[in-house]
Amino acid sequence: MSARIFFIKHNYLFRFVSTLLLALYIPGLIFGFAVIRRSYNEMIRRNEDYYNKTTASFVTYFDEQLNILRNHALNISIDSTKANNEIIKVIENFHPYYYYTASNSLADYKIGLPNIYDIGIHFAGTDYILTSKYKYNVNDYFLIGEDAPDERIRQVVDFLNADIGKIVMLSTFPDGEDYKNTTLFIGIPILMNMHHKALVFYMMKYDSINTSFFSTQSSYQLRLCIFSNNGNLIYTNKTSKTGLLESKDFKDFVTNSHINESISKYSSNDTTYTVFKVRDENLGKVFISIIPQDQVEESFRQFFYIMRNNAIL
């Protein structure tokens, strides 16, 4: 009974303390939510900056790989002036034995190129391709038959007859149902034995570029792409197709020359993607990285919910 009398007697005091605590709690809770929300938005912004820098790193990395291939092709050109060079013997002798020894020589050159799955050479004015594995007819190698589109034939001809000093590319990525068996050809014209024009070309598959090179978060989800300035896909590091790459809005975004570094969000097949773009004018290519939006924000959402619940508690 005494406790009941005590509470009745000091009721005003309990109400005062409760009001005071509530007056302090509500502004503190609002302030805490504001800080958490701001921290969440800042983390999202920094994460997007991170992936944008990853795209720029992709451009730098690819450019470095091209320089390595250029120097590698020049070494082949220099080596061709040496006596008893196996590749030069192919030009001077058309016996199958020399094709075999030249292929072995190309296989030796390929050893120092871990990102290249094969290497080939085409001598100007001939109708064959020599790779590290076999000798092919040009039409058979590039699948140019009577029903081949004129545009495809023109691309192959331009690729094989590129001028000295250029780096040229030919891609089969747009043609496949998936990208597992497609190839990016990187060609570098050289002079063999000082006067025989030839095209040394290197072949890259979808897995030739590993996103772990950039130490990226969720690298297994990151799709890297290279497009020409007119929006044609040249390379992607994933085998599966996505409706995003074929959508008109996405292609307009890729070909928009007024925007260099950009972050845009696109939805395709109920999935939202964050797309990062860097245009390289020197190469005339557009470099794109794509990651599902959930992969970018999921961990940060969990952080936000935990901090919010803790603030309420």
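**Salt bridges, strands and pockets**

E86 counts as partly exposed, since its relative accessibility is 27% (buried means under 20% relative accessible area, exposed over 50%, and partly exposed in between, with a 1.4 Å probe and protein chains only). The model is predicted, so local features need pLDDT of at least 70 and side-chain atom pairs count only at pLDDT 80 or more, while totals for chains, interfaces and linings use all residues. Residues are numbered from 1 along each chain as its sequence is written, and side-chain values use heavy atoms, with hydrogens and water left out.

E86 takes part in a salt bridge with K89, where the closest N and O atoms are 3.9 Å apart (a salt bridge is a side-chain nitrogen of Lys or Arg within 4 Å of a carboxyl oxygen of Asp or Glu). Both residues belong to helix 3, residues 86–92, and they are three residues apart, about one turn of the helix (helices, H or I with at least four residues, and strands, E with at least two, are DSSP runs numbered from the N terminus). K89 has a relative accessible area of 21%, so K89 is partly exposed too.

Side chains of opposite charge can pair when their charged atoms come close. The structure holds five salt bridges. Another of them joins D79 to K82, with 3.3 Å between the closest N and O atoms. K82 counts as exposed because its relative accessibility is 51%.

The side chains of E151 and R154 meet in a salt bridge of 2.5 Å, N to O. E151 and R154 both lie in helix 6, three residues apart, which is about one turn of the helix. E151 counts as partly exposed because its relative accessibility is 41%, and R154 is partly exposed because its relative accessible area is 42%. Salt bridges that share partners join E151, R154 and D158 into one network.

Next come the strands. Strand 6 covers residues 196–204, and seven of its nine residues are buried, so strand 6 is largely enclosed by the rest of the structure. Which way does strand 1 run relative to strand 6, parallel or antiparallel? Strand 1 (residues 118–123) and strand 6 run antiparallel, and six bridges join them (two strands pair if DSSP finds at least two bridges between them). D118 has M203 as its bridge partner in strand 6.

Strand 5 is also antiparallel to strand 6, and nine bridges join the two. I190 stands opposite A198 of strand 6. Strand 5 and strand 6 form a hairpin with three residues between them, and N193 in the turn has a positive phi of about 55 degrees.

A107 and D118 are 11 residues apart in sequence, and their C-alpha atoms are 8.1 Å apart in space. A107 is found in helix 4, residues 96–110. With a relative accessible area of 26%, A107 is partly exposed.

T182 sits in the loop between strand 4 (168–171) and strand 5 (184–192). Why does T182 count as buried? T182 counts as buried because its relative accessibility is 5%. A polar atom of the T182 side chain lies 2.9 Å from the backbone oxygen of Y179.

Rolling a probe the size of a water molecule over the atoms shows where empty space is left. The largest pocket holds about 1,000 Å³ of space (a pocket is an open set of points on a 1 Å grid over the protein atoms alone, where a 1.4 Å probe fits, with protein on both sides within 12 Å along at least five of seven lines; lining residues have an atom within 4 Å of a point). Its lining has 35 residues, and R152, Q155, M169, L170 and S171 lie nearest the centre of this pocket. Helix 6 (150–160), strand 4 and strand 8 (233–236) each supply at least two lining residues. The largest share, six residues, comes from helix 6. By class, the lining of the largest pocket has 17 nonpolar, 10 polar and eight charged residues.

About 160 Å³ of space lies in the second largest pocket. The residues that line the second largest pocket include P174, Y179, F227 and K251. Its lining is made up of five nonpolar, two polar and three charged residues.

How values were computed. A polar contact is a pair of N or O atoms within 3.5 Å; within protein, one must be able to donate a hydrogen and the other to accept it, and residues adjacent in sequence count only if both atoms are side-chain atoms. Grid points are joined across faces, edges and corners, and a volume is the space filled by probe spheres set on the points. Ala, Val, Leu, Ile, Met, Phe, Trp, Tyr, Cys and Pro count as nonpolar, Asp, Glu, Lys and Arg as charged, and the others, Gly among them, as polar.
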